[in-house]
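Reader: I should like to learn how to read several features of a protein model. Please take me through them one at a time.

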Amino acid sequence: SHYKDNLLNPVACCLIAFRLVSGRRTNSEASSLMWSMVREDRIILKETKTSKHSTPLTFFLSDKAKEILGIIRREKLQRYQWTANDKDWFRNRWVFEHYDKRSDYVFPSRDFGRKIWNKKTGSTPYLVDVRATWKKLLSMSGIDRWLKPYATRHSLASYILNNGGNINQVMKVLGVSMATAMRYAKLAPGSELEILNKIG
């Protein structure tokens, strides 16, 4: 297994991939995503960082985002034999009993309810911190400098604009105001010549 061989958390990898293809924010929109918020081709968030008056917001999902959620759904159907002595790092991370809070979340935390560091007990049923996995993925991709996981959101906005999208699409995808969306409107070097040639 690629994940086992590289000691990668598969839940964190799926969360990072989902953020790259959906542009969702880390904790408030992606990590805490519940299955009850997922529809066939969209997610409905009760509240986001920039929403007003607690109005639910709908975000459509790309084919790749739907594929990631489909993989997780199939994985949840698997029943792995697990015992307390099982040291397999890559045992199923999505299957929990129906009464376990983690079964409600798309990206559950394996640390919920168990002792972690400093004798503390994990209290969040969904995965919050993906920095360790993110750092490994950057290194495996040949990226030597540190980037915040939030860079996934910036990357998606840049991809939209550099592949023929417009600022209104960035606003819709990210769920931000025009002023915020304009921050991403940096042209890639040579892109102005490319558009002029297309027009020509």
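Author: The expected span of a helix is 1.5 Å times one less than its number of residues. For the 12 residues of H6 this gives 16 Å, and the end C-alpha atoms are 16 Å apart, which agrees. This is a predicted model, in which local features need pLDDT of at least 70 and side-chain atom pairs count only at pLDDT 80 or more, while totals for chains, interfaces and linings use all residues. Residues are numbered from 1 along each chain as its sequence is written, and side-chain values use heavy atoms, with hydrogens and water left out.

Reader: Which residues of H6 are buried, and against what do they pack?

Author: An α-helix has 3.6 residues a turn, so residues three or four places apart point the same way. Buried means under 20% relative accessible area, exposed over 50%, and partly exposed in between (1.4 Å probe, protein chains only). In H6 the buried residues are Ala-151, Thr-152, Arg-153, Leu-156, Ala-157 and Ile-160. They pack against H2, helix H3 (26–31), H5 and helix H7 (167–174). Just after H6, Gly-164 adopts a positive phi of about 90°.

Reader: Which residues touch the most other members of the largest nonpolar core?

Author: In soluble globular proteins, nonpolar side chains tend to be buried together. A nonpolar core is a set of buried Ala, Val, Leu, Ile, Met, Phe, Trp, Tyr and Cys residues joined through side-chain atoms within 4.5 Å. The largest one here has 27 residues, and Phe-18, Leu-33, Val-38, Ile-43, Ile-72, Val-106 and Phe-107 touch the most other members. Helix H2 (10–22), strand S1 (42–45), helix H4 (63–77) and helix H5 (131–140) each give two or more residues; the largest share, six residues, comes from H2.

Reader: How many aromatic pairs does the structure hold?

Author: A pair of aromatic rings is described by the distance of the centres and the angle of the planes. Rings of Phe, Tyr and Trp (its six-membered ring) pair if their centres lie within 6.5 Å; planes under 30 degrees apart count as stacked, over 60 as edge-to-face and the rest as tilted. The structure holds two such pairs. The rings of Phe-18 and Phe-107 have centres 5.8 Å apart and planes at 50°, so this pair is tilted. Phe-18 lies in H2 and Phe-107 in the loop between H4 and H5, so the pair ties together parts 89 residues apart in sequence. Tyr-105 and Tyr-126 form a tilted pair, at 5.1 Å centre to centre and 45° between the planes.

Methods:
Helices (H or I, at least four residues) and strands (E, at least two) are DSSP runs, numbered from the N terminus. Contact means heavy atoms within 4.5 Å.
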